Amino acid sequence: MIQEAADIIKKANRVTAFTGAGISVESGIPPFRGENGLWSKYDPGFLDISYFHSNPLESWKLIKEIFYDFFGKATPNKAHYGLAEMEKAGFLDAIITQNIDNLHQKSGSRKIFEFHGDSRDLVCVSCGKKYPVTEIGLDNLPPECTNCGGVLKPDFIFFGEQIPEPARTNSFREAEISDLFILIGTTGEVTPASEIPFIAKENGAKIIEINIAKSSYTDRITNIFLQGKATEMISGLVKELREY
Ligand code: APR
């Protein structure tokens, strides 16, 4: 199956990877759903934008604990590095990621569309000014804007917020023009991100899926299902492509 998938990648004109939390599990970041998923430990309500506006301190305590103290220490794994190598070798044109862990950037990938924003910057909810989180520090919560005194929030989208531009436009365009999508580690349960692979399929793209379990894509649009861990499957693909 890996060889068959590698052959499709070699023949494709434009390849896009669509990644979810599963690609970062082997970096120590738990998924949101499934076995020991975050949402089985924490009520996702602290990430509702309305909750954040009315309870910035309570929300920030969990945001800091989960997305900065915990996720912030994670390093890329062989799956992230494998995608970066595929891009360098010309086998991958872009990554659309739902993740905000910055691990695709840290592993050297260049063309990345962060569909849910990123955790690198904080943005003021009042004046819109952005700051790198490294500049602000999170010792005093909620962090405040030095420009207007407003509350700062991470620059990733909360439930109830719009998908950021230009990531949204760029991602849906990739779904129009790519002839191969590689889905990695995503349940495909959260819209509008989850619509992207379906649009790619409607536009004639082939779908290769890497996941340890079936997702909402597997029996509907997946052409080749590489069932297994992202690090193992991507390392196998890279090994085949190197011999090319
Ligand atoms: N290798 C490959 N896939 C894995 C691995 C692994 N080692 N471990 C887990 N998975 C798969 C699971 O089988 C599951 O399909 O990763 C997926 C994780 O699913 P979710 O936790 O739902 O992650 P994701 O699909 O990215 O969630 C989408 O939901 O809460 C929102 O904004 C959040 O971006 C997130 C969105």
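How many residue pairs are in polar contact between domain 1 and domain 2? The count is 3 residue pairs, both residues at pLDDT 80 or more, where a polar contact is a pair of N or O atoms within 3.5 Å; within protein, one must be able to donate a hydrogen and the other to accept it, and residues adjacent in sequence count only if both atoms are side-chain atoms. The model is predicted: local features need pLDDT of at least 70, side-chain atom pairs count only at pLDDT 80 or more, and totals for chains, interfaces and linings use all residues. Residues are numbered from 1 along each chain as its sequence is written, and side-chain values use heavy atoms, with hydrogens and water left out.

**Domains**
- Domain 1 spans 1-28 + 76-116 + 163-244 and domain 2 spans 30-73 + 118-156, with bounds from an automatic or database domain assignment.
- The centres of the two domains, taken over C-alpha atoms, are 27 Å apart.

**Interface between the domains**
- Contact (heavy atoms within 4.5 Å) involves 12 residues of domain 1 and 11 residues of domain 2.
- On the domain 1 side, the residues that touch domain 2 are 4 nonpolar, 5 polar and 3 charged.
- About 970 Å² is buried between the domains, 57% of it from carbon and sulfur atoms; buried area is the accessible area (1.4 Å probe) that two parts lose on being put together, summed over both.
- There are 2 salt bridges between domain 1 and domain 2 (a side-chain nitrogen of Lys or Arg within 4 Å of a carboxyl oxygen of Asp or Glu).
- Glu 114 and Arg 120 form a salt bridge through their side chains, at 2.7 Å from N to O.

**Ligand**
- A polar side-chain atom of Asn 211 is 2.7 Å from an oxygen atom of the ligand.
- A polar backbone atom of Ala 21 lies 2.8 Å from a ligand oxygen atom.

Technical notes:
Ala, Val, Leu, Ile, Met, Phe, Trp, Tyr, Cys and Pro count as nonpolar, Asp, Glu, Lys and Arg as charged, and the others, Gly among them, as polar.
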